[in-house]
Amino acid sequence: MKSGETMLPRARIPYGTWGSSYFPAWQTSPLAEVNIGQFAGEASSRILGIRKVPKDELEYLVIGSTIPWHWKFWTAPLVSSCLGKRLPGYHVEQACATGLQATLVAAGEVQNGACDVVGVVTFDRTSDSPVGVFPERRSYERTVALSDVWDNFGFDPATGNAMITTAGIAARKYRLDRKEVDELAFHRHQQYFAAKESGFLGRFLVPLEVLNVQGRALGTVDEDTGVRRLTLESLRAMRELDNCVTGGTQTHASDGMAMLLVTSPEKARQLSPRPEIDIQFIAKTEVRTLPSLMPEAPTVTVQKLLERTGLTMKDMAVVKNHNPFAVNDAIFAHVMEYDWHNMNNTGCPLVWGHPQGPTLTRVLIEALEEAVDLGGGYVLVFGCAAGDVGIAAILKVSEGR
Amino acid sequence: MANTSMRQSTLETLGLGSVLDIFARGQLPVTASDLVDEVFGEPARRGSLVISGANGIVGAGKAMQLGSRLRPFDVPIVALDFANAPDGIGKHYGGLVRAFGRERASKIMEGITRLSYDGKHLPPRLKDSQPRFLLEAIPEVLDIKKSHYEIFRAEFPHIEIRSVTSGFPSSQLGVPIAHPAFPHEVNKVWEIIEPQPSRITQLFWALGLIPTPVSDHWSFVLDVLFCGLTLAGLRYHPATNMPFWKIDKYIRRQLGPNPFRAHDAIGAKGANFLTWSCLHHLAEHYGDLFKPTEDLDQRRESGQNWYPPNHFRPVVNWKMQDGEQTEFEAWISGALIQMTSLMLHEARAHLSHLNIIGELCAQFRHGILADIRRLGADAAINTVHAYQVLHPQAAKSAWYPDVFEQIEGVDWQQLYVNAEHDGSVGVITVGRESYNHDVDAELNRAIDWLKAARVERVIITGDFHLSTQMIGADTDDFFPALQDETKGRDIARSWSETARRLHDEFRCSVAFVNGKRCLGGFLELMMHCHYMVAVATAELGMPEVTLPVVPGMEGCHWPFRKAKPEEWPRLLGLLLTGELVRANDTVGWLVDYAGPVNEALKTAWKIVTEREHDVPRRVVEDGPLKGLGSQVSDVAGPSGSDADAARRAIVDTVLASCQATLAESIAIQAKHSARFMTGEHCRRGVVGAAFKKTMTV
């Protein structure tokens, strides 16, 4: 692949047609009480309404979620009904890679000429996650009950390790220093609050009032509740859960949705409030690392992606990742010889939480907004996913076309 | 001097003369008994009413409504339908029992004979019932309807036919039209299309129904308004993505109706089709203003409800942001005003009819013309222009801004209240069942008009047509007063001042209660007249305590000032229980005469023309009343803390206003009424709940 050549020349993300709910920490908001698929559909319609995009423009819907929700069997057609437009479509699931993967497969739908406007709606509710009951004739219990979020966080069946253990193992492998990891986490919080106070987050995060079954207000989701203003001292004082991992240097479970559109170039110009902004897909790749080294997977993936595209980190205007552990960023910075102060400039999942399905969608939206502020350039978005997987993509934002 | 009127009485559109004539003659222009004989034949040769398509929604509803009203005259009713039609009539029996009791319901059903046919041949037994009047309610297919009339005419050449069609003009059908409004078993309004008012139309009136003549165009006034409003909401939907359920609530706040909820309540499958059909025909004739949207096309096919199913009750609320409300008003009101301009241009109906149909049949809070009048011609035209910017296709046709040049004319200005006089006696007629700011303003203009003609004697009454009862103040007008005491005081004070004009500015004023009931604010208005004459069976009452509110139009002192002290407990009982009483039982302490309708008419006329009569004039006491004690503990009434509080407030108001002079009492009553309205008891009651449901979106 030549440097900067796009892999999906027909696909675009129309600037400013996207939006996300805030991501309240699990069990802290009315989102804990809703069918999250229904919420995501209705919220998408609301976001498109605010963005002045008629929902009738949508031709297809790709949804992304990782936690079973009521009536998930009906996947995208059901979510689209809640959005108010009966669309075909399907469901993408790849743990925390879901948001980016769903966007990329939507781009594939546009690229292959199947449609001109594809909605990407990603969502998850970690609160009160369902418990599956599985007949397992080989297990001595005969029947196994599994709490979808917490039992999976705690146990990778392929390795037998918990997620948090992979962070500890990776930190040991790269001989990370707890002091640096705390400083990194502190910096990430400062970046988030600076973005929030500047009004940056308000450009794409949409306050949404949630109704109860009687139609009365249950509350408004208008904060990333659970995000605390941590001091460096408090971070340093936290008990270590595993090597370099504390309550302050790992993310928290949260609920939410995020959506965007992927379209043809013509439709992007038609639907975007700023048609002069062009957002293209350049390249994407995935890598699976050795067992229980999930936090290094994104770094390895980015290495591969740069190698394939011929681009370098110096070419990247914006670098942003899904980082459930601060360890992820520290490894990335060491291996890529990249100053971790220069990435995740407007916040990241380490700070604002981890609702899985929509996580990388919000990361992508934030990264694109940041790139527009910078006048364009290459945008590197990447992250880790369950199973020691890394995913990375490069997009290109240009103006004035 | 010949009779003259502010504007044409709506009664005249039925060929029934003027209201002044009714009083001058001392009798109603026609009677149901005479008209039944004319339409169905003398009792010995009584023919039948045939309702075809009798198991459909319209047919079954009208079988119940006309069956119950024609039962006293022994008119047989034949309900005709296909053998395999689902039993629509049986479905209504429960409602009939609830309305009339089991015995009367059974009697009504006894009068209905159900016959089946194949659609091509009439059953031989039909002849036995001597059909005289066919009310056709079969499916909306023009050719089928026409052949239906042919087979009836072939068998019964003199039969009168009326189609209930949902949209075809009479010129297409070849028969006159009697198009009823939903819900068919209870709604009294029919839009009538016929060259001249017929005996059938007059019979409908005599039976207590509300026939309203309209011109022969595609669709009907109600359908243009209701389907048009639905269409306006449908167009707003793709423009903003706002879901239908939320658009419905904003429409309700703006105008009153819930068009999407109504479709679901009626049955989306049928209602979606009828709305589509209405709009489709209108679009063919008048252009894109009426073109059904893609959503309606789809739901006509699918019959899908507009509101989400119960298991998908909405979770994300929608609230309008800055500027969106103005755009919403343009989408909704702009479309309606443009559609109304078309109906005005075509002179589809008497303006009072055109105005009131939406209120009586589609839950419009105000008539469409009253709303446009309030807006003013320029603002109305600008609203349409704003709509046409949003929906440019609408600008291509069916837009007649010139019609609003007449807005200052009397036909526009007197939509609800009319006045007639013969040079010495005037009659003021009110054509709205509840008293609101529009009625108040129009009543003042009617009084001014009579005063300008030096008319010193006046009767105030219902209009014998559109208003079949007077149910009191329109509580929607109280909404601003729930939060602002000065607003409540202004309403109570200004409406009381209007009422006092009936007492102060005429040598003789007579209130004539001719409908089923006269309650609350309307009763307070009427009691200001020097005399009150009522049909004996009319029910009177002051139900404010049940809402609860405190009466604001001087009901807490005016009647006491006219009654003897020994009658005061009765008046207090009326106020504190909210119970209704027959006019017959209130002679001497509330009304001055009660009797059969013709006797009451004659008596009212005698009084107002100052001929010999034996009805004493009760004088209003100017000074403070003495000896009025609190008897709240002795009076039973609605229970609960809110009602208790209202009773206490009413007693306080009675004591305070009666112990003042007449001049002082108007302000005292207004203050007490307004203060209670801003309190927690009123907010928790009917008015507060209506406000919350309607205005907080």
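B:R313 counts as partly exposed because it has 15 C-beta neighbours inside 10 Å; a residue is buried with 20 or more other C-beta atoms within 10 Å of its own, exposed with 12 or fewer, and partly exposed in between, C-beta atoms being placed from the backbone. The model is predicted, so that local features need pLDDT of at least 70 and side-chain atom pairs count only at pLDDT 80 or more, while totals for chains, interfaces and linings use all residues. Residues are numbered from 1 along each chain as its sequence is written, and chains are lettered from A in the order in which they are written.

B:R313 lies in the loop of chain B between α12 (294-302) and α13 (324-345); helices (H or I, at least four residues) and strands (E, at least two) are DSSP runs, numbered from the N terminus. Apart from neighbours within four places in sequence, the contacts of B:R313 are A:V213, A:G215 and B:P308, a contact being two residues whose C-beta atoms, placed from the backbone, lie within 7 Å.

Between the two chains, 21 residues from chain A and 14 residues from chain B take part in the contact. On the side of chain A that touches chain B, two or more residues come from each of α1 (36-50) and β7 (208-211) of chain A. The most are given by α1(A), with eight residues.

Chain A is divided into domain 1 (19-131 + 205-222 + 251-271) and domain 2 (163-203 + 277-398), with bounds from an automatic or database domain assignment. The centres of these domains, taken over C-alpha atoms, are 22 Å apart. In chain A, 33 residues of domain 1 are in contact with 29 residues of domain 2.
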